[in-house]
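I'm opening my notebook on this one. I'll jot down what I look up as I go.

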There are 2 protein chains.
Amino acid sequence: MKAHFAAVDWGTSSFRIWLMSKSGQVLAERRSHEGMVHAAASGFADILQAHLHAFGAPPSLPVVICGMAGARQGWLEADYLNVPAKLLDIVDRAVRIDDPQRDIRILPGIAQRNPERPDVMRGEETQLLGGLASHSQSAFFCLPGTHSKWVQVQSGSVTGFATCMTGELFSLIRQQSILQHAMGDIDSCDPGNVDFLAGVRDAYDRPSEFSRLLFSIRAGQLLFDSAPERNYARLSGLLIGFEIAGCLSDAGENTTIHLIASGRLRDLYEAAFSCLALQFATTDADKAVLAGLFSAAQKFWPQAILPNNDGSIKT
Amino acid sequence: MKAHFAAVDWGTSSFRIWLMSKSGQVLAERRSHEGMVHAAASGFADILQAHLHAFGAPPSLPVVICGMAGARQGWLEADYLNVPAKLLDIVDRAVRIDDPQRDIRILPGIAQRNPERPDVMRGEETQLLGGLASHSQSAFFCLPGTHSKWVQVQSGSVTGFATCMTGELFSLIRQQSILQHAMGDIDSCDPGNVDFLAGVRDAYDRPSEFSRLLFSIRAGQLLFDSAPERNYARLSGLLIGFEIAGCLSDAGENTTIHLIASGRLRDLYEAAFSCLALQFATTDADKAVLAGLFSAAQKFWPQAILPNNDGSIKT
């Protein structure tokens, strides 16, 4: 099948590229750790070209990119859209890399320029654009991660959002705080783990006590010799319960949460929502970002745009 | 003036020793970074002896120690007293180092063996013992630090307490999270700083939103180019306001908070309490720990205990 375009999700610390057909099918995929931080040092163009070359992609194959490549420290700054921001507008506001041969577009992020609640996203707007297809045009989204986003979308526009530093705080506390001594080398927990779920509930019920709940993990190890697996699971639960308590208040407990997540994070958040008796519906995050990038590509390149090359995939 | 004993506050990462007169006057002082972590590797006895030698202290001068030297990973474990714990009992429950020449005692910490709220302290109980002299026998204490303690004392007994990881979280977030990029090399803030005070109020009023308030510092820098000094001050305020929100609920807003603190931390917490219109009274932390160690020494060694030596100080 012919490749119609390449889609890239360029995160802070990760890089993913897919070769896509005209109908939006994935023909090939590559992943690496060449995120923005890495690329800012070694060159965005060279990294992209190397992956396209490894695909055997023709020199004229167009590329659509979302994420940190559009940040100020990225490849080419794509100015934020401001809330309220119509998600379809991210396509019109994409920036184009100055390249004589290849059409490369970078989608912008979204900013909330409220001095009381400033916030930014880059990458999640593309997942939301993709996620809209499978939801109504108005929904409340949760996109967990290093910096989890909770987003209110109304009639296809982002009207407000908040970022919790959940994943980053978890890593710092787990690896570098005094709690590291309570966890040994444990690095995952089961979503059904009772300590994970108890952690979710405790932090959700008593969010103001989050910091003391953290220390009680260390104290529990000292006083009751609680096992590393239990401590790790509880820490994970506390972080997620704390996030939910802090962000769900924007919409209310009766709102259906539209979770956009993949893999282990998806499982953990689904378990957390279930144990708190919250309503939710899940969209796979990989599918959502691909759907968003495909929407953009359809608008950029409505027909086959490879007149001088058959676009066949060599590998 | 003759030295009657030496007093030591042996923290996780710091060591302080004072030569004391029979009446509790400080005759000399030394500080170093040879805390428990360092001493566990290089030897507690050698570190103590080197400092006593530098003082020119006689070989029979007795020593009273509080803090992490009594931890399991310390010099000699001094088992925790359990809450409710009479503060005077820490003196009776001290452990004695097996030394033929010198009388060395280590005071125990206090544990809260409540499976729902496990907690531990080592060192703060000695400050509380010292602080009791200048307060009534019933009071609600705040001892800020790496791991801040909030302690309810009733009739001279610790009846309950909580630990917030305020100082440790501040360091991790300031130095290693994405917020580091918003702060440059700033490393202090003035207690009257308006951003510090706004941070205190925001986290105190909306503790469940602490994690998103953190990220908004980064977003404020990206969107409004907020200055490093302002961002640093706001982060400091958020951490302290969050701690107060999570711990004051144990006693209620109308309680007088007995702050035991020194230096910059004292100034910041006093400013935070004032801006939240909370009642407080301050005791200097250095004086409190010395008063506590002196109380213990008076009980251990009620009269001059240096028959073979005049105890005069050489340096």
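Predicted model: local features only at pLDDT ≥ 70, side-chain atom pairs only at ≥ 80, totals over all residues.

Through what do the copies meet, the same surface or different ones? I checked the interface residues of chain B, and 100% of them are also interface residues in chain A, so the copies meet through the same surface.

**Entry: how the chains are related**

I laid chain B on chain A and got an RMSD of 0.0 Å. The move was a turn of 180° with a shift of 0.0 Å along the axis. That is the relation of a two-fold axis. Then I looked for the C-alpha of chain B nearest that axis, and it belongs to B:Ser208, at 2.8 Å from the axis.

**Entry: a strand in chain A**

Next I picked strand β12 of chain A, which covers residues 148-154. I found that 5 of its 7 residues are buried, so β12(A) is largely enclosed by the rest of the structure.

**Entry: its partners**

Which strands does β12(A) pair with? One is β11(A), residues 139-143, which runs antiparallel to β12(A) and is joined to it by 5 bridges. In this pair I spotted A:Ala139 opposite A:Val153 of β12(A). The two strands make a hairpin, with 4 residues between them.

Another is β13(A), residues 157-164, again antiparallel to β12(A), with 7 bridges joining the two. Here A:Trp150 stands opposite A:Ala162 in β13(A). I noted a hairpin for this pair too, with 2 residues between the strands. In that turn, A:Ser155 has a positive phi of about 50°.

Terms used. Residues numbered from 1 in each chain as written. Chains lettered and ligands numbered in written order. Least-squares fit on C-alpha atoms with pLDDT ≥ 70 in both. Contact = placed C-beta atoms within 7 Å. Buried ≥ 20, exposed ≤ 12 C-beta atoms within 10 Å, placed from the backbone. Pairing = 2+ DSSP bridges.
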